[in-house]
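Work through the exercises below with the sequence and the 3D structure at hand. Each task is followed by a solution in steps.

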Amino acid sequence: MRRTHLFPIVAIILASAAMAAAAEVEPAIPARPEQLKYPALAFKVPDAAAMRVKLANGVPVYIAADRMFPLVTVQVFFRGGRYLEPAGKEGLAELMGTVWRTGGAGTLDAKALDEELDFLAASLSTSVGGISGSVSLNLLSKDLDRGVALMMDVLREPRFDEARLAKAKEDMLSDMKRRNDETEAIEAREWDRLVYGDDYWINRLATKASVDAITRDDLLAFHKLLANPANFVVAVAGDFDRAAMIAKLNATLGAWKPTVEAVPAVPQPSVSAKPGVYMVNKPDVNQGRVSIGHLGVKRPLPDEFALEVANDILGGGGFTAWMMSRVRSDEGLAYSAYSNYSIGDLYPGDFRAYFQSKSSTCAQAAQLTIDIMNKMRAGEVTEKELVTSKNSFTETLPRVFESKLRTVMRFAQDELVGRPHAYWTTYRQRVGAVTVPEVGKAARAHIKTDRLIILVVGNVDAILKGNPDHPEAKFDKLGPIVRLPLRDPLTLKPIAD
Amino acid sequence: MAKRYLLTALAVLLVAGALGAQQVQVREEVLPNGMKLLLVERHDSPTVSCGWVAKVGSVNEPPGITGISHLFEHMMFKGTKTIGTSDYAKDAEIMAEQDAVRAEMEKEYTLLREKLRRGEISGNIYDPANMTPRLKELRAQLEKLFAAEKQVIVKDELDQIYTKEGGSGLNAFTSEDQTAYFITVPANKLELWFWLESDRLANPVFREFYSERDVVREERRLRTESTPTGKFDEAANAMFWESSPYSHPVVGWPSDVESINRAQALAYFATYYAPNNLTAALVGDFDSDKVIALAKEYFGRIPRAKTPPPEMITDEMPQIAQKRLEAEADTNPEVEIRFHAVPFDHKDMFAFQLVADLLNRRTGRLYKALVEDEKVAAGEPYGMYRPMKYEGYFEVGAEVKDGKQPQDVEVALFTQVDKLAATPVDDHELQKVKNQELANSFRRLQSNFYLLLQLLIYDSSGDWRFLNDAPAKLQAVTAADIQRISKTYFTKENSGITTYLRKSGSATEDPELAALPAELKAMVKQQVAQIGQLNDRAKLEQMLARMRQMSGQMPPAMKPGLEYIMKKAQEHLDTLPAAPAKGGAAQTTPPAGEQPKP
């Protein structure tokens, strides 16, 4: 018995000594990196169900203890946002996001709340976005009880101090004045107008008049609509005992009964602009910004990952993508050239290929970009490109769950928009199954080169003149040219050129 | 009230003492060739953030090659003898031919430079309008060689290999003091990082050396020339630093970037990218012993440079008078005041950091004074301390509130820094910012990637140990320290001021003006601008009278334009002080701050 045991141990020791000796002889560095051998990666998608608990009032919480640092994060996500703004009160969501936190809460006026949070070195923030928002607390774990109490006050009893409301309005107006300063901001605004139509909520933007019209009562009414446990999903991570934390949340957040129905659903867009070349003149810049694309799609989408791969190879993948390679590296026409196909959860995203180039070469780079889209539609992806792209999705999956905090935040946000957990557990298998023909098919279905909206912002005269060395590249060949006016930053009414 | 605060302060102080700052366990190893390794093991997720830094940046660039550090950062992605080419021998041949053509072009540029000095041509020597027939011919040859080079290039192969193996976030940055290269890889593929990074340090090939310049030029257009304040930021920086090489921009002066050649790049690489001038860091899921073995094997093959890089010796001259830049740009009015301060690792840097904290946030001094009390600033005014390797500066700034002038903000900002020098900060306020620094010292450590960046930046600015030493040193700063540095550094003579006014015509447009036809509008705008410059009441009144006479004879199409000019002239006139009555005492009120002394 003893002997039989001893023998293998000796053998192992000898074998490992031999291996160590071999290692010291300096194994040659392989000639190419493809010759390297890698051990298998140990990774499993964290189990969302194991992290999910339901508070007494039904609010779902994703929770994970992580005792590496003496910090705790509690983030309350809620459904609802800018799409719920009443007509004539555009800007309400943004103002709400600011004054909710800055306007005082419970027994503390605005300044007292600021002082106490700053002395605790606690970060408590509120934000209201397009379709959702959040109230988020991060602080040292020793101050958790006081922090949660302050957070509950902010959630339930914001004071919306009039002076802080006035200040937030002033700042908003001040930002509004910058609307035409950077061509990037003009591009983003006009792009949304073209793709989603002027009447869609995304394009119902704040003006001086709408901000002036917002009162404290509007904030109170909007708060009542959003701050309702029926809309909540919570993420909690950090330095705590899990059971104690759940008890604490139940005693505070969990004791809050939902009062009204959950918020109405996000509406869907109806009209986009006609295909064509839309140009905004900003004569004092020497570089034009160009966006090319159209309205996108939303989940569930059977060919979702084939489309993701198509976009990744087209322009999403950075240096390995065709756009960066052709427009930047081959031709030196731009510093950055990308495409983005956003697949929405609650409303369709958009498809947009974009770059910035000196005025004379904008048309040339635009033509190149459209040629690349057609190449993608023709299915000209190589097997090597497919593998590289697929790996870029599957091999980076661990980063989505890099920390406990990122994991619970991911799961909470998924639940907020109704994305099933299976999205992650089948992710690698679904990406892995994508084939070359499927990529071409997805591109033909979702990248519509006959429906392209082309937006150009810059020195229009110089851009239309083009490059004498490439007279064939002209914007008027890419579609009917429509000049868009700059808009007054405060009224958004067109101003003459 | 004060008592309650004091108790809270004591309580927090005690707890903070007990809590202490977190020490990051860093294993440090120096390879025989001088390359330093910093390793932090964290096994939460199977990834490793890894990178290395060359201790060189724009501060090391003499005139003539400014921007080489940044151009170089681009070059490091172009491949090696193995990566990025299908035929290295052919590639080397083409590159040599490119260099020869480029040398010929340089001769032409030398002639053009002379012509420019003599005033025989205008603009700059790279303007297409100044291209000579010989240059055209050479440029065509070069284009041909670019095309030939493309035949043997494997595009962005470094990026492709990383991406294929699950690397993400491959990138780099260049600053005044360092150039850093980084990525996050799956834990099982760490050897790939060693392979690729040691290869680009051991066998780099600067492909597309001349064509990449077009990309760098676009980057400059994007960041500096097409943004409203980019050009002015560059000018303000050049004004502030006098003798220090921090005065030139990281992207370099355009004339230099255009002319840098491969020989200069090779010399630069040999000096500054030798292993004895590099630090690598890894944070994540790995075994340190194995990593050190890999480092010896891969990085160990790169020889140490025979001589260390030259020391940067040019100090900034002490400033002797206030400096000022008044810019008009497409931006809201704003004031920025910079003071010369201390460099990284200086014993006073912690006091400067706390001064920034005292000024910032809604509970900070600037917001309370400039926004709430005096109502001269919009947004959230800021204080910022930026320590660099050889120098440092402290900046305060704020956006001017509607109806106020940059002058009002400037005075208010100076009042606040003067107050720091005049009165010691009270215990509660000091404790507040120390609490914030303590909490932030934990927050900073949470992300692996961010921790990696800190190790690289700290070690190339001075010493990575700053990461662990700083929290305690921040807690040790006293009110007296803060008062002392404020007195020493926040003086008028030590300051450089930049004010921004919104460029006329770039703000919201008057609807009346917007309604005019384009040509008329341009004329009207010009007239109104000229009238705006006139501060002589009598002259303005004369002008107005003449315009009134003219308006009767104006063609109807022009009339709205004239009326608009008259209206604006009248508005401007109303803002001017009334003329002194003949023979009588002056009726004008002296400007604020210049009241006669009793």
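Of the 497 residues in chain A, 55% count as buried, where buried means under 20% relative accessible area, exposed over 50%, and partly exposed in between (1.4 Å probe, protein chains only). This is a predicted model in which local features need pLDDT of at least 70 and side-chain atom pairs count only at pLDDT 80 or more, while totals for chains, interfaces and linings use all residues. Residues are numbered from 1 along each chain as its sequence is written, chains are lettered from A and ligands numbered from 1 in the order in which they are written, and side-chain values use heavy atoms, with hydrogens and water left out.

**Exercise 1. State the secondary structure of chain A and the share of its contacts that join residues 24 or more positions apart.**

Step 1. Chain A has 20 helices and 14 strands. Helices (H or I, at least four residues) and strands (E, at least two) are DSSP runs, numbered from the N terminus.

Step 2. A contact means heavy atoms within 4.5 Å. Among the contacts in chain A with a separation of 6 or more, 81% are between residues 24 or more positions apart.

**Exercise 2. Find how many disulfides the structure holds.**

Step 1. A disulfide is a covalent bond between the sulfur atoms of two cysteines. The criterion here is a pair of cysteine sulfur atoms within 2.5 Å.

Step 2. Searching the whole structure gives zero disulfides over all chains. In chain B, Cys50(B) is buried, at 0% relative accessibility.

**Exercise 3. Classify the ring pair of Trp52(B) and Tyr273(B), and locate both residues.**

Step 1. Rings of Phe, Tyr and Trp (its six-membered ring) pair if their centres lie within 6.5 Å; planes under 30 degrees apart count as stacked, over 60 as edge-to-face and the rest as tilted. Over all chains there are 55 aromatic pairs.

Step 2. The centres of Trp52(B) and Tyr273(B) are 6.0 Å apart and the planes meet at 85°, so this pair is edge-to-face.

Step 3. The two residues are 221 residues apart: Trp52(B) is in strand 3 (residues 47–54) of chain B, and Tyr273(B) is in the loop between helix 10 (262–272) and strand 6 (278–284) of that chain. Trp52(B) is buried at 0% relative accessibility, and Tyr273(B) is buried at 1%.

**Exercise 4. Decide which side of helix 10 of chain B its buried residues lie on, and what they pack against.**

Step 1. Buried in helix 10 of chain B are Arg262(B), Ala265(B), Tyr268(B), Phe269(B) and Tyr272(B).

Step 2. They cover an arc of only 120° around the axis, so they lie on the same side of helix 10 of chain B. The arc is that of the directions from the helix axis to the C-beta atoms.

Step 3. These buried residues pack against strand 3, helix 2 (68–75), helix 3 (88–118), helix 6 (190–202) and strand 6 of chain B.
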